Amino acid sequence: MSNGKRESAKLEVANKRATALELRLQGMTYRQIGDAMGIADSSAHDLVTAALREIPAPGVELLRREQGETLRLMLRHLWPRIERGEPRAIEVGVRILERQAKLLGLDAPAVKQVEVITKEAIEAAILDLEREIAELEE
């Protein structure tokens, strides 16, 4: 690949990353970003992540503070409707708080338990059931 083509490809990737990050900062989900850019949501996530990695740490912290302030402002404007008990306002308020907690790293990581069922375990369970049925028939 010629040097000019390589530079052009780098510029195109940089532009995609910048666009994806800008859309994310506007509050779009990865699915919405993917739809807007004509790519998969996983690709949108990868672009945003790569763009954030390129920002020096103080820049990321600045973005985090700006996002936090935006979320606080949104919640403050929504609060009167939440206090009136409007269901949709409450729902949106909860989503804002969830996003805020995620941004600040307040949520504990989710733990998922995976149970592996083997052929032997199935056969043992079948034998147990057959014994129980036999006991009931006696």
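The following legends describe close-up views of a predicted model.

In this model, local features require pLDDT of at least 70 and side-chain atom pairs count only at pLDDT 80 or more, whereas totals for chains, interfaces and linings use all residues. Residues are numbered from 1 along each chain as its sequence is written, and side-chain values use heavy atoms, with hydrogens and water left out.

**View A. The largest nonpolar core contains nine residues.** These are Ala20, Leu21, Leu23, Met28, Ile33, Ala44, Leu47, Val48 and Ala51. Helix H1 (3-25) and helix H3 (41-54) are the elements that each give two or more residues to this core. H3 provides the largest share, four residues. A nonpolar core is a set of buried Ala, Val, Leu, Ile, Met, Phe, Trp, Tyr and Cys residues joined through side-chain atoms within 4.5 Å; buried means under 20% relative accessible area, exposed over 50%, and partly exposed in between (1.4 Å probe, protein chains only). Helices are DSSP runs of H or I with at least four residues, numbered from the N terminus.

**View B. The charged end of arginine 24 sits over the ring of tyrosine 30.** The distance to the ring centre is 4.2 Å. The criterion is that CZ of Arg, or NZ of Lys, is within 6 Å of the ring centre and within 35 degrees of the ring normal.

**View C. Glutamate 69 belongs to helix H4 (residues 57-83).** Glutamate 69 counts as partly exposed because its relative accessibility is 40%. Glutamine 100 is 31 residues from glutamate 69 in sequence, and their C-alpha atoms are 9.6 Å apart in space.

**View D. Isoleucine 126 lies in helix H6 (residues 119-137).** With a relative accessibility of 42%, isoleucine 126 counts as partly exposed.
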